[in-house]
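Hello,

Here is the structure I promised to pass on. My notes follow below it.

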Amino acid sequence: MNVFSGIGRLTEDVDLRYSKSGTAVAKFSIAINRPFKNQNGEQEVDFINCIAFGKRAETIAQYVKKGQRIGITGSIMTGSYENNQGQKVYTTNVNVTGFTFLESAQKTQKPKA
């Protein structure tokens, strides 16, 4: 079974692009705190790369911004490509199949001075 479920904060705004065929593709990363602290008492964090397609991608890009919490479900996808230096680079992403907005944009926006 290949199932991922997690709640985290966006590390940056969603990168929304469109494929040649017109399909929306959203790439983003979420930071998820580990349930324990390290030996120095510091919180450890995992950064999860995510990708969404179609209407799901457009909706996430429209309504979630850097720093906001989002819950996602999906499956793990691995892949590889060759970079400009000719080295093979391995990738791991969550293919987002579901999401839940956990806070509104107003809650995370800073007050205007």
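**Strand pairing and the pocket**

Start in strand 4, where Cys50 is the bridge partner of Phe28. Please keep in mind that this is a predicted model.

That bridge belongs to the pairing of strand 3 with strand 4. The two strands run antiparallel, joined by 10 bridges. Their hairpin has 5 residues between the strands. Gly41 in this hairpin takes a positive phi near 80 degrees.

Cys50 has a bridge partner in strand 6 too, namely Val94. Strand 4 and strand 6 run parallel, and 2 bridges join them.

Now the largest pocket. Which residues line it? Phe28 and Cys50 are both in the lining. Lys27, Ser29, Asn49 and Ile51 are also there. Strand 3 and strand 4 each supply at least two of the lining residues. By type, the lining divides into 5 nonpolar, 3 polar and 4 charged residues. The space in this pocket is about 190 Å³.

Last, helix 1, which spans residues 54–63. Its buried residues are Ala57, Thr59, Ile60 and Ala61. What do they pack against? Strand 3 (24–37), strand 4 (43–53) and strand 6 (88–101) are among their partners. Strand 2 (15–18) and strand 5 (69–82) complete the set.

Best wishes

Notes. Residues are numbered from 1 along each chain as its sequence is written. This is a predicted model: local features need pLDDT of at least 70, side-chain atom pairs count only at pLDDT 80 or more; totals for chains, interfaces and linings use all residues. Side-chain values use heavy atoms; hydrogens and water are left out. Buried means under 20% relative accessible area, exposed over 50%, partly exposed in between (1.4 Å probe, protein chains only). Helices (H or I, at least four residues) and strands (E, at least two) are DSSP runs, numbered from the N terminus. Contact means heavy atoms within 4.5 Å. Two strands pair if DSSP finds at least two bridges between them. On a 1 Å grid over the protein atoms alone, a cavity is a set of points where a 1.4 Å probe fits but cannot get out, and a pocket is an open set with protein on both sides within 12 Å along at least five of seven lines; lining residues have an atom within 4 Å of a point. Grid points are joined across faces, edges and corners, and a volume is the space filled by probe spheres set on the points. Ala, Val, Leu, Ile, Met, Phe, Trp, Tyr, Cys and Pro count as nonpolar, Asp, Glu, Lys and Arg as charged, and the others, Gly among them, as polar.
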